[in-house]
Amino acid sequence: MGTMKWLVTFALLGICSQASAFQVTVFSTTSKTATLRWTRVPGASSYKIIVAQNSTNNEISFVTFGPNIVMGSVNTLSPNVVYKFTVEALNQNQQPLSSSAVVSSSAPEMMDPIQTVKPKDSKTLMAEFNLRTGATHYLIRIQNANGFYREDTVSSSPAEIKSLTPYTEYSLSIMAVNNGGQSQPSLPVTAKTVLPPPELSTSSPSNDSITVSWAPVANAVQYSLSIYDFSSNTKMKHNTSDTNLTISGLDAGSLYAIRGFAWDAEGREGEGSLYVNQTTRPPTPAGVNISVVMSNSVAGLSVSWELDPNVYGSIEYHVMSDLNLTCNSTSSSCTLSPVGCGEVHTIQVTAWNQAGPSYPSYPMVFITFPCPPESLDLMESTEGNCTLMWDTVPYADSYVAFIKRGDGGEQTCNNTSNTCTYHCECGYTYLVSVFAYNEAGSSPEGSLFNYTTLPCCPEDVSVSTVSTDTLEITWTASRGAELYETRAADSSEVILCNDTAPVCALSDLSCDSPYSVLVTPCNDISGCNRACKAHTKNTAPCMPMNLMLNPVNSSSVTVSWTANNREANYTVNALGDDGTHTCTTNGKSCDITDLPCGSTYEVSVKAFSPFGNSLRSYSDSLETEPCCPLSLTVDQVTQAMTNVSWSHAKGAHSFITSLTSPRGHARCHTEDSHCIMGCITCGTNYTVTMEAFSHSGRSSNCTYQGFSSSACCPSGVRLYRTAGNSLRVYWRSAGSSHSYVTEMMGSSNNYTCSASPGESSCNVDNIQCGDVYNVVVAPFTPEGSKVQFCPQRLYSVTCSGSNVGTVIYRGKRSVD
């Protein structure tokens with residue numbers, strides 16, 4: 001009856017529809033039933049459905065319906081069989097008015113229950129089932145107790161069921177589908193997904209350990225870590241019930257791959273996390289050697305060390321001198337530059353990788369080459385002998401004097417003292433220089449000492465650039481010459497210089513211009529030699545102008561300028577207390593990087609060309625952000641007051657220090673390296689932060705280890721007499737987790753008693769009566785020391801015979 005009512009409902013809906021031709025369609029099928037739908041035919045008194053197997057076309061059964069029915073069902077079909085359904089519209093005489101046929105298959109038989117269901121990961125199940133002949137695909141119905149429902153289409157077995165919830169039980173049933181429809185669901189089976197993987201976070205606190213931590217995984221009772229050592233191709237496994245683990249005894253500078261699993265209460269291993277690669281910190285550099293090197297006339301210290309071939313990945317080495325020189329390298333050496341003469345350096349090397357720094361190498365002390373001797377003086381002692389003298393130099397072991405005669409003859413003189421005697425002749429100019437030596441090498445060349453015994457002929461004219469507007473012309477002294485005329489000319493001017501010395505400086509020249517230079521020797525007898533050859537010389541580049549500084553970030557600045565030189569390179573120098581930072585370019589701007597915090601620099605630019613160096617541009621000042629103090633200490637003074645102090649912060653002028661907690665906060669603003677903060681709540685954890693400000697207002701944000709205030713002092717301290725010579729001390733506890741100590745200090749005797757956590761009293765035995773006692777009850781800190789600022793109470797203990805009598809409260813006062 002229920003089926004007939006459903007068919008009648010659909011038939012009545014079809015009364016109002018008209019079709020231009022008689023049409024039949026399959027509305028739905030099951031494994032044993034097919035429901036057909038057709039259009040109404042005018043004049044039809046009934047409709048007849050004839051069923052035949054499509055392969056034989058033999059009639060199997062038929063069923064008739066009334067004139068107002070446009071939908072009907074045929075039962076008792078076989079599963080997964082192709083049938084031909086013919087619908088005839090009949091008149092009152094049961095003669096066909098019209099007919100139409102349609103071919104369709106019945107749905108497959110109901111499936112067997114799913115054979116096995118196994119978890120693939122925390123969100124995926126793998127289902128295996130028996131295939132059904134004639135099925136084109138399958139529907140797997142998935143349900144859980146939380147109302148989740150869906151149907152997945154799969155084509156074969158085994159099948160993946162994805163996008164599930166981790167650690168959830170599901171009910172699974174399966175249906176076979178062909179072109180005709182789908183079978184009934186199979187009996188359900190249950191399966192449960194596994195736990196999701198923990199999300200690992202790793203770091204290396206030392207060169208032989210790695211710390212792994214993760215957030216707790218719901219429903220996990222245990223965790224396991226799998227650690228793979230790439231260097232030895234070995235695996236390790238660790239189990240823990242915590243959410244962090246430190247693995248020790250590892251190789252320094254080695255790469256490890258770490259994977260984590262969570263285990264549920266049923267003993268099932270959850271989905272494994274992705275491998276996390278972590279490198280231990282590198283070993284301490286060994287075999288450090290130091291030597292002096294020269295590059296472009298600039299001295300430096302070449303620091304080298306041994307490379308460990310077993311260290312994984314890229315290692316950067318940081319070399320630091322206590323004289324504020326640093327250099328970095330990824331090879332086995334780098335150079336600290338520039339260094340000067342007579343310097344004492346203490347040098348250490350630290351290796352860095354992505355895990356952090358190694359321990360620094362053992363400090364090595366190195367003394368650079370000595371400074372050049374100064375105050376050179378020459379005395380012609382006897383005929384043909386000259387004595388050279390100079391001041392002694394610190395860190396010098398010996399001295400060598402180089403004596404050069406005007407015709408090229410040279411002499412040397414070695415000595416450990418500060419004098420040297422050599423043979424000299426008249427008619428020559430002697431150029432003398434003295435070098436100091438030690439184990440690091442030779443001093444730079446000092447000032448040249450020029451001494452001429454007799455006039456000589458001019459030779460070897462040399463023109464050099466002194467500055468952008470000055471050329472220096474030198475030559476070998478001309479024997480017998482009394483005057484030299486020097487002439488320099490370009491396209492617009494002529495400069496003359498008359499002197500008796502074999503050197504001449506032509507000033508007020510145009511920068512970045514070519515000059516023709518001619519030196520003519522003269523005397524009163526023969527006059528001037530006008531046949532001397534002229535020399536062409538370019539002056540140095542012009543000075544850069546309009547210097548501009550544009551900070552890029554906290555450690556970089558872009559420097560730009562204007563200049564109209566024909567051919568020049570430019571070097572920018574930023575001079576500060578940590579040395580000089582430079583950049584070089586042939587353009588009109590460049591970036592200076594790696595500027596440390598808390599530093600002030602004077603920035604200028606200079607032009608260089610093959611013809612000399614320009615004057616340095618006008619300088620401009622640059623200030624970087626202040627440094628954070630390396631250390632900060634919070635000391636509790638009283639129950640509600642702390643003293644905060646911190647180390648020196650380079651470049652910092654003032655500080656704002658804050659103690660913050662959910663129960664309130666304290667703050668101070670000072671130019672000192674310490675401050676007092678009130679309004680501190682006892683027994684509270686505080687977050688410690690600081691803002692450091694420079695003179696110009698640049699700031700840095702600093703964060704430090706938190707501070708926990710001491711436990712609160714108890715209140716309501718009372719002293720009562722008990723039996724005999726004993727007293728009992730009572731108080732109101734500020735927290736059940738603290739232990740307390742009571743101290744009674746009299747004029748001749750002191751007493752103590754202690755109370756465990758949760759207790760609020762203790763007994764003091766064998767009291768000496770007839771004395772006045774200061775009573776203090778104080779909690780212990782977590783470190784086991786007594787809180788020092790709890791107040792004292794004064795009690796008089798009288799005698800009653802030989803026993804304790806009345807106990808009289810005399811007031812209270814703060815601890816001295």
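Cys753 and Cys762 form a disulfide with their sulfur atoms 1.9 Å apart; a disulfide here is a pair of cysteine sulfur atoms within 2.5 Å. Both Cys753 and Cys762 are buried, where buried means under 20% relative accessible area, exposed over 50%, and partly exposed in between (1.4 Å probe, protein chains only).

The model is predicted, so local features need pLDDT of at least 70 and side-chain atom pairs count only at pLDDT 80 or more, while totals for chains, interfaces and linings use all residues. Residues are numbered from 1 along each chain as its sequence is written, and side-chain values use heavy atoms, with hydrogens and water left out.

The structure holds 13 disulfides. Three of them are tabulated here.

| Disulfide | S to S distance |
|---|---|
| Cys753 and Cys762 | 1.9 Å |
| Cys769 and Cys799 | 2.0 Å |
| Cys628 and Cys702 | 1.9 Å |

The link of Cys769 and Cys799 is right-handed, with 100° about the S-S bond. Cys769 sits in the loop between strands S65 (761–764) and S66 (771–779) and Cys799 in strand S67 (792–800), so the pair ties together parts 30 residues apart in sequence. Strands (E, at least two residues) are DSSP runs, numbered from the N terminus. Cys769 is buried at 12% relative accessible area, whereas Cys799 is partly exposed at 40%.

For Cys628 and Cys702, the S-S torsion is about -85°, so that disulfide is left-handed. Cys628 is partly exposed at 29%; Cys702 is buried at 4%.

Cys679 is exposed at 69% relative accessibility. Its closest cysteine sulfur, in Cys668, is 13 Å away, too far for a bond.

Technical notes: Helices (H or I, at least four residues) and strands (E, at least two) are DSSP runs, numbered from the N terminus.
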